[in-house]
Amino acid sequence: MTFQVYDTTLRDGAQREGLSYSVVDKLAVARLLDDLGVGFIEGGWPGAVPKDTEFFHRARTELKLRHAVLVAFGATRKAGLAVSDDPQVRGLLDAQTPAVALVAKADLRHVERALRTTAEENLAMVRDTVAYLVAQGRRVFVDGEHTFDGFRHDPGYTAAVAETALAAGAERFVLCDTNGGMLPSQVTAVIADLVGRTGVAPGQLGMHAQNDTACAVANTIAAVEAGVRHVQGTANGYGERPGNADIFAIVANLQLKLGMPVLPEGCLEQMVRVAHAIAEIANIAPDTHQAYVGAAAFAHKAGLHASAIKVDPLLYNHVDPAVVGNDMRILVTEMAGRASIELKSRELGLDLADHPDALSRVTGRVKELEAGGWSFEAADASFELLVRSELPDAAPARPFALESYRVLVEHREDGAVVSEATVKIRVRGERVIATAEGNGPVNALDEALRVGLARHYPELREFELADYKVRILEGSHGTGAVTRVLVETAGAGRDWTTVGVHPNVVEASWHALVDALTYGLSKAGAPLNASGSGRGPA
């Protein structure tokens with residue numbers, strides 16, 4: 001029986017708190033999911049949600065799917081109403097999708113207390129709706145809401161719902177852990193019991209898992225190992241409460257761990273790109289520690305790991321990161337040994353293998369700085385500048401030499417608070433004094449430094465301060481605390497992060513700002529022919 005990967009990001013995933021897709025967003029996400037190669041994309045509930053109705057209308061002309069089948073989601077007919085007279089069933093047909101998903105109550109308690117109908121009528125609702133839609137030429141999937149809780153309460157009735165759906169022509173009956181409370185062993189036990197007491201084959205079943213026990217992916221894999229051949233999930237695990245099973249982790253585990261080619265050839269390597277693009281559309285920061293697709297998924301910190309990775313990267317990676325479109329990263333911290341520093345430098349295009357003395361100096365300098373609160377994990381640009389400063393043929397590293405700077409904060413009569421900064425620097429033999437205002441001390445300092453350097457370095461016009469983060473370091477207290485500042489800068493089609501540390505937040509910011517401008521100018525090819533105390537650690 002053909003294996004089916006079914007994505008419900010646009011319907012169930014959209015129930016995540018704080019997430020709201022526009023119709024344009026939904027169309028963009030559908031294209032990305034098709035790039036990943038999923039077999040089915042559940043687009044929403046036409047007739048019930050106006051935005052979803054519009055999505056299906058526009059999808060008919062605007063979506064050109066290569067791999068996926070678009071699915072409209074709805075419910076079985078209402079109790080006591082003929083299926084042909086049910087307006088929401090008509091909405092499913094009007095969506096004109098090749099496939100339809102129906103939610104049906106699979107827990108007798110919900111039938112009697114939520115639907116307020118009888119066990120027999122609920123079975124008739126399932127039978128009538130499935131048969132009607134199949135007769136209209138639709139492929140039908142039935143999601144058995146509360147399957148697992150219902151089975152534990154009354155296994156005979158839940159089994160009857162599954163048998164009724166499949167006998168009426170449903171392509172799959174999907175076991176839904178709606179409350180998300182199951183564990184893998186319980187999932188396996190329910191599937192075995194359900195198959196044993198019915199004529200249903202495990203391949204006719206699907207799995208839809210919520211993540212309330214943090215087992216959604218594990219529960220889905222357990223279901224597949226029990227014979228299920230249809231899996232549902234959402235991009236990045238988005239969904240109600242803690243979310244749904246992460247479709248990326250599901251397909252990667254099936255393909256890479258169980259050897260099941262569930263995606264078309266060449267699609268798995270699109271995973272990181274698709275995951276991050278969907279996160280951007282959802283306006284949710286990508287989870288850096290997400291399995292397979294996170295930026296830290298293949299990041300290594302300890303020197304012992306790096307020593308082994310230097311010999312063979314797979315010694316500390318469970319798969320080759322490239323197969324899912326990711327990269328291995330070496331993090332530079334106080335735990336770093338020579339191997340970590342060498343690998344990280346090589347990653348940045350600097351080979352220290354032939355410069356053992358420079359490697360020793362950089363390693364010692366990193367440990368010394370990290371002990372003082374510096375952190376290069378998220379500041380590759382600052383680390384690269386440090387490494388370059390220790391190379392035997394190191395060129396002058398700074399675009400200017402600092403004489404002094406001063407920052408004032410003025411609270412004006414009208415209530416406005418304005419910062420003003422003055423910098424005195426030497427640039428290519430010329431003494432420059434520059435002043436600028438800003439909406440804060442750091443912004444004013446950044447503006448003043450740019451004013452002072454602009455005539456000599458016109459490339460600075462391309463640089464923009466993109467993000468600024470401040471952290472009070474652990475173990476520090478009160479007004480004398482040590483502050484770490486991270487500055488993210490963007491320009492010329494790239495972005496980079498620099499770090500500064502000092503008890504004074506303005507001085508910490510100064511270090512990070514100088515590194516940011518220095519790194520950006522060096523990458524822009526500007527000649528950095530002035531040296532001096534632009535910054536502390538290098």
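Helices (H or I, at least four residues) and strands (E, at least two) are taken here as DSSP runs, numbered from the N terminus. The model on screen is predicted, with local features needing pLDDT of at least 70 and side-chain atom pairs counted only at pLDDT 80 or more, while totals for chains, interfaces and linings use all residues. Residues are numbered from 1 along each chain as its sequence is written, and side-chain values use heavy atoms, with hydrogens and water left out.

Of its 538 residues, 53% are buried (under 20% relative accessible area, with exposed over 50% and partly exposed in between, using a 1.4 Å probe and protein chains only). Among contacts (heavy atoms within 4.5 Å) with a separation of 6 or more, 67% join residues 24 or more positions apart.

Next, select strand S3 (69-75), strand S4 (99-105), helix H5 (119-135) and strand S5 (139-145), each of which supplies at least two residues to the lining of the second largest pocket. A pocket is an open set of points on a 1 Å grid over the protein atoms alone, where a 1.4 Å probe fits, with protein on both sides within 12 Å along at least five of seven lines, and lining residues have an atom within 4 Å of a point. This pocket holds about 400 Å³ of space; of the 22 residues that line it, Arg11, Phe73, Val103, Glu145 and Thr178 are the closest to its centre. S4 gives the most to the lining, with three residues.

Now move to aspartate 177, found in strand S6 (residues 172-177). Aspartate 177 is buried yet has no salt bridge, and the nearest side chain of opposite charge, that of arginine 152, is 6.8 Å away; a salt bridge would need a side-chain nitrogen of Lys or Arg within 4 Å of a carboxyl oxygen of Asp or Glu. Leaving aside residues up to four places away in sequence, aspartate 177 touches Phe148, Met182, Met207, His208, Ala209, Gln210 and Asn219.

Finally, select methionine 260, in the loop between helix H10 (247-257) and helix H11 (271-282). Methionine 260 counts as buried because its relative accessibility is 18%. With residues up to four places away in sequence again left out, methionine 260 touches Phe3, Val224, Arg229, Leu254 and Gln255. To end, draw a C-alpha to C-alpha distance from methionine 260 to leucine 408: the two are 148 residues apart in sequence and 64 Å apart in space.

Technical notes:
Grid points are joined across faces, edges and corners, and a volume is the space filled by probe spheres set on the points. Lys and Arg count as positive and Asp and Glu as negative; His and the chain ends are not counted.
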